[in-house]
Amino acid sequence: MATIAANSRYLTTPTATFTLADGTPVVYFTRRFVPKPEKFATMQWHVVTQGERLDQIAWAAFGDAELFWRICDANRALRPEDLTDEIGTRLRITLPEGVPGVGDA
């Protein structure tokens, strides 16, 4: 199986193996459940402006455009484009899951 990038949403997702009829093993990711947004500590808020894309927002917030999925998770979005379709949408930018923020217990 290929190496998973350190910034991938699938980094901690377990794998399983399915064996084809001819005996060939096929390794695949098990289902990734989107974490509850309440598990994330808010760093800041971002208001979507005209023409913005989620990868641009992720770059500005995290310095890594491929971390757009963190914004999706924090805002309960399964489709990234849903977050930037409407100008003025307020997006929650958060720390990674499990990292406590200022004032968090």
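# How we know: exposure, bridges and core

Q: Why is R53 called partly exposed?
A: R53 has a relative accessibility of 46%. Buried means under 20% relative accessible area, exposed over 50%, and partly exposed in between (1.4 Å probe, protein chains only), so R53 counts as partly exposed. This is a predicted model, in which local features need pLDDT of at least 70 and side-chain atom pairs count only at pLDDT 80 or more, while totals for chains, interfaces and linings use all residues. Residues are numbered from 1 along each chain as its sequence is written, and side-chain values use heavy atoms, with hydrogens and water left out.

Q: What makes R53 and D55 a salt bridge?
A: The closest N and O atoms of R53 and D55 are 2.9 Å apart. The pair qualifies because a salt bridge is a side-chain nitrogen of Lys or Arg within 4 Å of a carboxyl oxygen of Asp or Glu. D55 itself is partly exposed, at 27% relative accessibility.

Q: How many salt bridges does the whole structure hold?
A: The search finds 5.

Q: What makes D73 and R32 a salt bridge?
A: Here the closest N and O atoms are 2.4 Å apart, so the pair meets the definition too. D73 belongs to helix 2 (residues 68-74), and R32 to the loop between strand 2 and strand 3, so this bridge links distant parts of the chain, 41 residues apart. Helices (H or I, at least four residues) and strands (E, at least two) are DSSP runs, numbered from the N terminus.

Q: Is D73 buried or exposed, and how do you know?
A: D73 has a relative accessible area of 4%, so it counts as buried.

Q: Is R76 buried or exposed, and how do you know?
A: With a relative accessible area of 57%, R76 is exposed. R76 is found in the loop between helix 2 and strand 4, and its phi is near 55°, a positive value in a residue other than glycine.

Q: Why is strand 4 said to be largely enclosed by the rest of the structure?
A: Because 4 of the 5 residues of strand 4 (residues 90-94) are buried.

Q: How do you know that strand 3 and strand 4 pair?
A: Two strands pair if DSSP finds at least two bridges between them. Strand 3 (residues 42-47) and strand 4 are joined by 5 bridges, so they pair, running antiparallel. H46 stands opposite L91 in strand 4.

Q: What makes the largest nonpolar core a core?
A: A nonpolar core is a set of buried Ala, Val, Leu, Ile, Met, Phe, Trp, Tyr and Cys residues joined through side-chain atoms within 4.5 Å. The largest one has 10 residues, including V48, L54, L83 and L91. Helix 1 (54-62), helix 2 and strand 4 each supply at least two residues, and helix 1 gives the largest share, 3 residues. In soluble globular proteins, nonpolar side chains tend to be buried together.

Q: Which residues does L91 touch?
A: Leaving out residues up to four places away in sequence, L91 touches Q44, W45, H46, V48, L54, I57, I71, N75 and L83. Contact means heavy atoms within 4.5 Å.
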